[in-house]
Amino acid sequence: MIEPYRLRVDARAEPREVDAPNPELSWALRSDEQGAIPASHRVTVRPAADAHALWDSGVREGDSTGLRYDGPKLTPETSYVWSVEVEDRQGARCSAESTFETGVCDWSGVVWIGRDPEPNGAIDATDRDSDTPVRPTLRTNDLSPPLQLRRAFTTSAAPARARLTVTARGLVVPYINGARVGDDELLPGWTDYRTRIQYRTFDVTDLVHAGENVLAAEVGEGWWSGFVGFDHRHHAHHYGTAPQLLARLVIDDPDGERTVLGTDESWREHDGRRRWADLLMGEYIDSTHGTPGWTGRGFDDLKWRAARVLDPDPGPLIGQRDEPVRVVDELAPVAIDRTANRTIIDFGQNLVGRLRLPASPNHPLTVRHGEVLDAHGELYTDNLRSAEATDHLRSSTPTEPVFTFHGFRYAELSGADVDPMQVRAAVLSSDVEWTGEVTTSSPFLNRLIENIRWGQLGNFVSVPTDCPQRDERLGWTADVQVFAPTATLNADLQALLRRWLDDLVSAQLPNGSVPDVIPRSPGTTLFDYGAPGWGDAIVLVPWTLYRAYGDIDVLRAMFEPMRRWLDYVAERNPDGLWRSRRGNDYGDWLSVDEHTPKEVVATAYHAHATATAARIAQVLEEHEAARELHTRAALIRAAFVEAFLGEDGRVHGDSQTAYLMSLAWDLAPEDRRPALFARLVDKIEQRGARLTTGFHGVALLCPTLARFGRPDLAYDLLFQREFPSWGFSIDNGATTIWERWDGWTPDGGFQTPEMNSFNHYSLGSVGQWIYSDVAGIAQADDSVGFRRVIIAPSIDPRLEWVNGRLQAPHGEITTRWVREGDEIVLTVTLPPGTTGIARLGARDAELCAGTTVLRALATEV
């Protein structure tokens, strides 16, 4: 019997904000039977309040694990139950069901509210805090206290159904009757607020009671009006100058009556114990300014100010498209260093989040955050640049900040004396499903895999960022595109990256250029004109999503924008060599000891992105566009060969990255590739199996060596411990991927503090090769969503065993290879509907659903 599971609606589990008219319904399959093959499937959708199906797809033959809803128009704000029934070829049937709710389309009577912005309309912050024991800095001086907003209401009976829909221009934490609603953090996340702001809907039926009730919310500045990025000419107020709230509570009584309560001028506002809060600067909490009980019933708000209507137009609201940020882990201290003036806590892991702290009622507790310690054992913070990353807390109860986060391994506590063993680090990340894992017999390799995972965990916080600690945290496009093939194996990022791509398209300039940073902050023009490898994300990220998830809709949505980008480059470089209009042109960013000429990197990317777009056009059956793009890609390749490939088997610049791009992207004619590869190998071996590659080259390094017959050299690089290498950083305490190979060295100490993050993910792009060649989980060139796999692990004597797992869209794939005496034993398990080939040395085996075991002598592999 074949069992459907992991039901998703638009790549999300049980969403409550579905506003697409034809959502995608998908599922995965599993079975204990060898060779199980799905024969057909059937999907039905019905309103939760009705036993009759609204839509029945009918029995559809084939092994598909998804289809679009194609029934009558879905009613807004309605709960639906959908089920899928799968039949195998023996006639056995099995079904599963899930739910979703449609989004809001009627925002009448709901407006944006906030603090009165007029002079004397609110208490002046300077006067109010004149007696504060914590003095603001130059950057925090102008930060206003987060909003406390509340509204009391009464109901005649407990509701049959109640839904709270909430969003903010800023960040919001909602409450009903004193209870926090949901567990989202940094709600509603960061989008291009000018074109879309996400809202979340919560089931609050159990929180609303008969009689008096209170709806409340705390609202901070966040990305809307707080500090963002490092452009000091426009460091804050990118979208607005103060936070705002928009909320809508819908209560359905048992007798069928519906009551709608929205944000309006009836709400009351007052500041409270949070004196300031900023994502980069930190948060100050002082309970002596608190208003205990303000989120619940029985609180007297007569002295509170009336909230002001700041915007009557709800604006471009969309339902939440991906999983929100949540606390995904909690870490305890692993070491504590105490002196008379300070306590430094080591959590043993570079992470993103904030501290949960015990009470400190008498004196403020100051908490500074840092990734590493300096030579004297003190907190190193020079690399934070203008980000203060400092929290101040004076609280009569255990507490934690909610409107800030930090990148840190170490926290320095000073001021109030608290028990450091009671402190915990709350880890924040977008709460996506972690779908892949690789474990090995090598503790060192396992640490590298964990470093890649933690780098991804900390840099996917609402948007994919470049670093979580300093005054940046921006969605650099090249960082995403080089790491996406690894990231999409580690976790299900289909919804998050689709939503991020929406912001990329919104930011594309009229001339077709793609900014280097997405979302594009409107207050700066530093990054408007896309650089090679950065702007190309508009082509390469959608292709990665298609390959990983079989998401053809993302190709349809992105095809015209990607053509506009490619036309932008081609029109300015008609001979195929990308020499003009390269934006900020970062080259092979952060390479070491070798420089790849920027025109080589640029032209290679132009050829690669154009050829990829040609493949996309073929998939979309855009035949004329495919011919045009194939012709253009051939012209660029020919220009590359003419300009940069010498007859002596060398590429202009003679760098590892130059050879890798020429080989990996098939830029060189086939008959010239052996000489190029020989030169690449020679350069690596001359350096003692050490790399020189930056962001772009490193992703190609191990896959290219393995493809052309030297997986042993790829393993040498993987296990290298001398500088520069992944192992060097691990041996020097790294628990995430460093931004730079030389972030710290014994001879030079710390690299320039202007740009030296110890939590990045770009150089972790080797993770894709660890899946494909170490664990052996790869897919055929003509496959998408891992429907047809190639399981061919590269066996290395430094490993005794390797386990791999991937929750692919259609089901779970597992691999294991292990040494048993003089044999290598490869075990592969595939889900129903997935096929492929297992290859171990000279032995091949056709794969089907179920488990297959392949054996070969160790000497033969």
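Me: Quick one: does Arg 233 count as buried or exposed?
Reply: Arg 233 counts as exposed, because its relative accessibility is 65%. Exposed is over 50% relative accessible area, buried is under 20%, and partly exposed is in between (1.4 Å probe, protein chains only).

Me: Before I go on, what kind of model is this?
Reply: This is a predicted model, where local features need pLDDT of at least 70, side-chain atom pairs count only at pLDDT 80 or more, and totals for chains, interfaces and linings use all residues. Residues are numbered from 1 along each chain as its sequence is written, and side-chain values use heavy atoms, leaving out hydrogens and water.

Me: Okay! Which residue does Arg 233 meet in a salt bridge?
Reply: Its partner is Asp 231, at 3.2 Å from N to O. A salt bridge here is a side-chain nitrogen of Lys or Arg within 4 Å of a carboxyl oxygen of Asp or Glu. Asp 231 is buried, because its relative accessible area is 8%.

Me: How many salt bridges does the structure hold?
Reply: There are 87 salt bridges. One of them joins Asp 503 to Arg 196, with the closest N and O atoms 2.9 Å apart.

Me: Which parts does that pair tie together?
Reply: Asp 503 sits in helix α5 (residues 494-507), while Arg 196 is in the loop between β13 (179-180) and β14 (197-203), so the pair links parts that are 307 residues apart in sequence. Helices (H or I, at least four residues) and strands (E, at least two) are DSSP runs numbered from the N terminus. Both Asp 503 and Arg 196 are buried.

Me: What about Asp 528 and Arg 520?
Reply: Their side chains also form a salt bridge, 2.7 Å from N to O. Asp 528 counts as buried at 8% relative accessibility, and Arg 520 counts as buried at 17%.

Me: Which residues are linked in a network of salt bridges?
Reply: Arg 12, Glu 17, Asp 183, Asp 184, Arg 200, Glu 323, Arg 326 and Asp 431 are.

Me: New topic: which residues touch the most other members of the largest nonpolar core?
Reply: Val 539, Leu 705 and Ile 770 do, in a core of 130 residues. The largest share of this core, 11 residues, comes from helix α8 (residues 598-619). A nonpolar core is a set of buried Ala, Val, Leu, Ile, Met, Phe, Trp, Tyr and Cys residues joined through side-chain atoms within 4.5 Å.

Me: And what does Ile 770 touch?
Reply: Not counting residues up to four places away in sequence, its contacts (heavy atoms within 4.5 Å) are Val 438, Leu 445, Leu 448, Ile 449, Ile 452, Leu 718 and Ala 775.
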